[in-house]
Amino acid sequence: MTEQRIKHILDGFPRIKVAVIGDYFLDKWLTIDRSLDDVSVETKLTAYQVVGKRIFAGAAGTVTSNLSALDIGELYAVGFIGDDGEGFELLRDLHAKRVNTDYLIRSTCVMTPTYTKPMFLANGVETESNRLDFKNKGVTPAELEAQVVQNLWAVAPQVDAIIALDQIDDANHGVITGRVREELAKVADAYPNLIVYADSRAFIDKFRNIIVKCNDLEAVRIVRPDLAETKQELDVVKACLTELAKLTGRRAFVTCGKRGVLALRDDGEAALIPAPPDTGPVDTVGAGDACTSGIVSSLCAGATAEEAALVGNLVSSITVQFIGECGTASREGVLKRFGEHYGAPA
């Protein structure tokens with residue numbers, strides 16, 4: 001790809017409209033100053049003193065944050081959260097990132113999924129302690145599922161792409177249920193020019209008629225479970241990519257960590273788009289979501305699958321440099337990173 005070509009793709013981002021359907025989590029980091037430890041009068045146990053907190057939209061919210069940073073023109077959140085304090089904090093962050101939440105249902109039937117991460121501060125250094133998780137353990141209520149489907153159809157004609165982020169490992173326990181997967185396939189049929197794309201940890205083979213993406217470990221575990229405990233050889237992952245594309249009926253992408261991203265070319269062959277080399281310490285949390293944001297935005301801007309994979313690589317190569325948080329990348333940052341590795345930008 002040339003500098004002129006990637007600039008043309010990036011320049012198209014502000015004209016794009018994207019909806020992200022999935023489970024919106026709240027990521028909450030609590031800074032606890034150990035020098036201020038107190039003792040509870042009632043229990044005699046240590047009472048930790050929280051002196052700061054960092055709050056971000058997580059899971060599907062990580063995708064919208066990355067899309068916002070890339071200057072995507074309009075963003076819509078589709079799903080449900082609890083009618084609770086965590087939901088209030090989540091909405092505040094989404095609104096700060098320019099996300100339209102008209103299709104994000106607030107319900108007393110569920111709680112807002114939350115990852116609470118205590119960070120013990122001592123001598124100026126934070127150390128993460130045991131995480132406290134708030135998750136909905138039951139099957140998704142039928143009335144919420146029906147509302148999600150209704151909102152999916154309502155938002156589809158307004159956008160250029162729909163990203164489905166399926167991060168729940170238990171079947172039918174989150175926003176992306178079996179019925180929602182079926183409706184996504186119907187939406188793709190009804191709007192042939194709409195890019196419909198799914199990223200799933202556990203159910204990538206259950207999607208039909210849409211573009212799918214997972215990582216190499218997930219692809220092998222799902223397509224070749226007999227090899228799931230072995231080293232992920234590139235030829236094996238390529239075969240899994242091709243099989244996923246056959247199952248779903250559309251293109252497939254597989255992220256391969258430091259190796260890069262596998263994409264299906266127009267001729268049906270799997271091509272590895274190498275990732276830029278790491279230039280320091282990295283934190284890969286959220287890297288897949290960052291890559292998804294780059295891929296889908298680029299496809300909407302007219303990129304080929306290989307070009308989109310390259311942009312996805314560039315975006316995630318920037319976000320992994322944010323240690324202890326899910327970082328984002330700007331269009332200017334992506335162009336600069338391209339220049340660092342593939343030629344100096346103008």
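So, let's start with a side chain: is Trp29 buried or exposed? Trp29 counts as buried, at 4% relative accessibility. By buried I mean under 20% relative accessible area, exposed is over 50%, and partly exposed is in between, with a 1.4 Å probe and protein chains only.

Quick housekeeping. This is a predicted model, so local features need pLDDT of at least 70 and side-chain atom pairs count only at pLDDT 80 or more, while totals for chains, interfaces and linings use all residues. Residues are numbered from 1 along each chain as its sequence is written, and side-chain values use heavy atoms, with hydrogens and water left out.

Back to Trp29. Its ring pairs with Phe56, edge-to-face, at 5.8 Å centre to centre and 75 degrees between the planes. The rule here takes rings of Phe, Tyr and Trp (its six-membered ring) with centres within 6.5 Å; planes under 30 degrees apart are stacked, over 60 edge-to-face, and the rest tilted. Trp29 sits in strand β2 (residues 24-33) and Phe56 in strand β5 (residues 50-59), so the pair ties together parts that are 27 residues apart in sequence. Helices (H or I, at least four residues) and strands (E, at least two) are DSSP runs, numbered from the N terminus. Phe56 is partly exposed, at 27%.

A tilted pair is Phe338 with Tyr342, 5.3 Å centre to centre and 35 degrees between the planes. Those two are four residues apart in helix α10 (residues 331-342), which means about one helical turn between them. Phe338 is buried at 1%, whereas Tyr342 is partly exposed at 37%. In total, the count is five aromatic pairs.

Now the sheet. Why call strand β12 enclosed? Because six of the six residues of β12 (residues 195-200) are buried, the strand is largely enclosed by the rest of the structure. Ile195, Tyr197 and Asp199 point one way, and Val196, Ala198 and Ser200 point the other.

Who are the neighbours? On one pairing, β12 runs parallel to strand β11 (residues 161-166) with six bridges; strands pair if DSSP finds at least two bridges between them. Asp166 has Ser200 as its bridge partner in β12. From β11 the chain goes through helix α5 (residues 178-190) to β12, and that β-α-β crossover is right-handed, that is, clockwise from the first strand over the helix to the second, with the strands pointing away from the viewer. β12 also pairs in parallel with strand β13 (residues 211-215), over three bridges, and there Ala198 stands opposite Val212.

Carry on along: β13 and β14 are parallel too, joined by four bridges, with Lys213 partnered by Phe253. Then β14 meets strand β15 (residues 260-264) in the antiparallel sense, with three bridges. That one is a hairpin with four residues between the strands, and Gly257 in the turn has a positive phi of about 60 degrees.

Thr255 belongs to β14 (residues 252-255) and is buried at 12%. Its contacts (heavy atoms within 4.5 Å) include Lys213, Cys214 and Cys291, leaving aside residues up to four places away in sequence.

Last item, cysteines. How many disulfides? Zero, by the rule that a pair of cysteine sulfur atoms must be within 2.5 Å. Take Cys240: the closest cysteine sulfur, in Cys214, is 8.5 Å away, too far for a bond.
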